[in-house]
Amino acid sequence: MKLPAIVHKFSSPRNFYVMSGKLIPWFAWPCLILLVAGLYYGLIEAPADYQQGESYRIIFIHVPSAWMSMMIYMVMAIAGAIGLIWRIKMADIVASASAPIGAAFTFLALVTGSLWGKPMWGAWWVWDARLTSELILLFLYLGFIALQASIEDPRNAARAGAVLALVGVVNIPIIHYSVEWWSTLHQGATITKLDKPSIHISMLIPLLLMAVAFKLYYAASVLMRARSELLKREQNARWVREIVANES
Amino acid sequence: MDAKLSTAFWALLKRDLRLAYRHRNELLNPLFFFVLVVMLFPLGTSPEKELLMTMAPGVIWVAALLASMLSLDTLFRADFEDGTLEQITLSPHPLSVLVLAKIIAHWLVTGFPMILLAPLLAVFMYLPDEGIGVLMLTLAIGTPILSLIGAIGMGLTVGLRRGGMLLSLIVLPLYIPVLIFSANAVNTYLADLAIRGQIYFLMAVLVLAITLAPIATAAALRISLE
């Protein structure tokens, strides 16, 4: 299957650099606005939960982070596959630029979950299915990053990472369901999640605002990381020298 | 072409088995390791029968996981260093099928003996006798999966000078489902419950691994050889 010419045109390093430079503000500013709005409505306007009191408010960070942790892995794997199949350099760069951001979101989801768990469950860590899956996801990210870091040639590093990310994608559902199955068998009624009523609109709105803000943050930061990686890899190309000469 | 592919497949399988036989002292190392790791648990916790009994399936399986992972180095390393692997990739036959021959040979000399060792370890850990059969069954289904998944990780790291630690970081998270279902099958069986679900799941993963892992390994090896 051949990709349309426009894809190649957009994904040529130089065009990507110029286009992404124009796009970043369009992601970054809305991100900031939504972040402030989401935090305001989430932390100040939304009412306290009738069961969990104030501490439920961490979900406005925790849940969007957990969503991002999974979405970014998918983006990473898809970008890796595109790089592997059509040999598009920008896809490789996007995949490797995504990994640290995804790992950071996964870590954030784990830490906020743990902070929430202490007052709610009385323990920093519980071997709950979701927590465990998220921890495994963090290790999948770390494996990807470590593999790419240890291969010197960027082209080979990208391809090896793509293979690993794809293997991970096949495995994630298997891991997820096996962990879920494991925890239902291992965990009795000692700790069960509080049966939450479906979320109220005053809590849903800030949650969605934060989710969109996090996605925009990812878009902006992945482009920034990709741009700097691009400059590094193409440092001997003429267009890079022109840009550097113009900016300095 | 088909006949030739099967010839190549069997030739490679026999070659790997013969090479393994000639280095038979090396073959024992993962097995010693397997026993040693299991032995550490009573020493680290307590020799109480009840405690060890409940831990037995999990401990034996964790040890199997680690032993299988450490034995992966023999899968491609030597062939990579002397250039054989490069020659194999140059053959007109699909690399994934040839890789499968190597993985089967590797499993026959590492995974298979682990199944035979399991009863001994079961005695060490006071696993009730009726659980030994199920433990061996889960090892028989599970260890090939470990070899297949491990081959992908080995294929990705074979070209790296210090790939050992990295290999464990890549491979161990992918081993988790096998660990969960295998150890759980033994525990469930001992509790007199049906284990068909766990066994079916393990078999499904085995089928998936046999179909996809050789392809991924072949892709990984081609990248490592560049």
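Biologist: How many residues does helix H3 of chain B have, and how far does it reach?
Modeller: This is a predicted model. In it, H3(B) covers residues 49-70, which makes 22 residues, and spans 29 Å from first C-alpha to last. That's close to the 32 Å expected at 1.5 Å a residue.

Biologist: Where does H3(B) bend?
Modeller: At B:Ala56, by about 55°. A proline, B:Pro57, follows within four residues.

Biologist: And which residues of H3(B) are buried?
Modeller: Quite a list: among them are B:Ala56 and B:Pro57, along with B:Leu52, B:Ile60, B:Trp61 and B:Met69.

Biologist: What covers them?
Modeller: The cover includes H2 (24-44), H6, H7 (129-157) and H8 (164-190), all of chain B.

Biologist: Let's look at B:His106. Which helix is it in? Is it buried or exposed?
Modeller: B:His106 sits in H6 of chain B, residues 95-124. It's buried, because its relative accessible area is 5% and the cut-off is under 20%.

Biologist: What does B:His106 touch, leaving aside neighbours within four places in sequence?
Modeller: B:Ser71, B:Leu72, B:Thr74, B:Leu75, B:Gly111 and B:Ser147.

Biologist: Over to chain A. At what angle do H2 and H8 cross?
Modeller: Roughly 35°, with the axes of H2 (13-45) and H8 (238-247) coming within 10 Å. H2(A) brings A:Pro13, A:Arg14 and A:Tyr17 to the contact, and H8(A) brings A:Trp239, A:Glu242, A:Ile243 and A:Glu247.

Biologist: What's that contact made of, by class?
Modeller: Four nonpolar residues and three charged ones, with no polar residues.

Terms used
Residues are numbered from 1 along each chain as its sequence is written. Chains are lettered from A and ligands numbered from 1 in the order in which they are written. This is a predicted model: local features need pLDDT of at least 70, side-chain atom pairs count only at pLDDT 80 or more; totals for chains, interfaces and linings use all residues. Side-chain values use heavy atoms; hydrogens and water are left out. Helices (H or I, at least four residues) and strands (E, at least two) are DSSP runs, numbered from the N terminus. Buried means under 20% relative accessible area, exposed over 50%, partly exposed in between (1.4 Å probe, protein chains only). Contact means heavy atoms within 4.5 Å. Axes are lines fitted to C-alpha atoms, for helices over the stretch in contact, and angles run from 0 to 180 degrees between N-to-C directions. Ala, Val, Leu, Ile, Met, Phe, Trp, Tyr, Cys and Pro count as nonpolar, Asp, Glu, Lys and Arg as charged, and the others, Gly among them, as polar. The expected span of a helix is 1.5 Å times one less than its number of residues. The bend at a residue is the angle between axes fitted to the seven residues ending there and the seven starting there.
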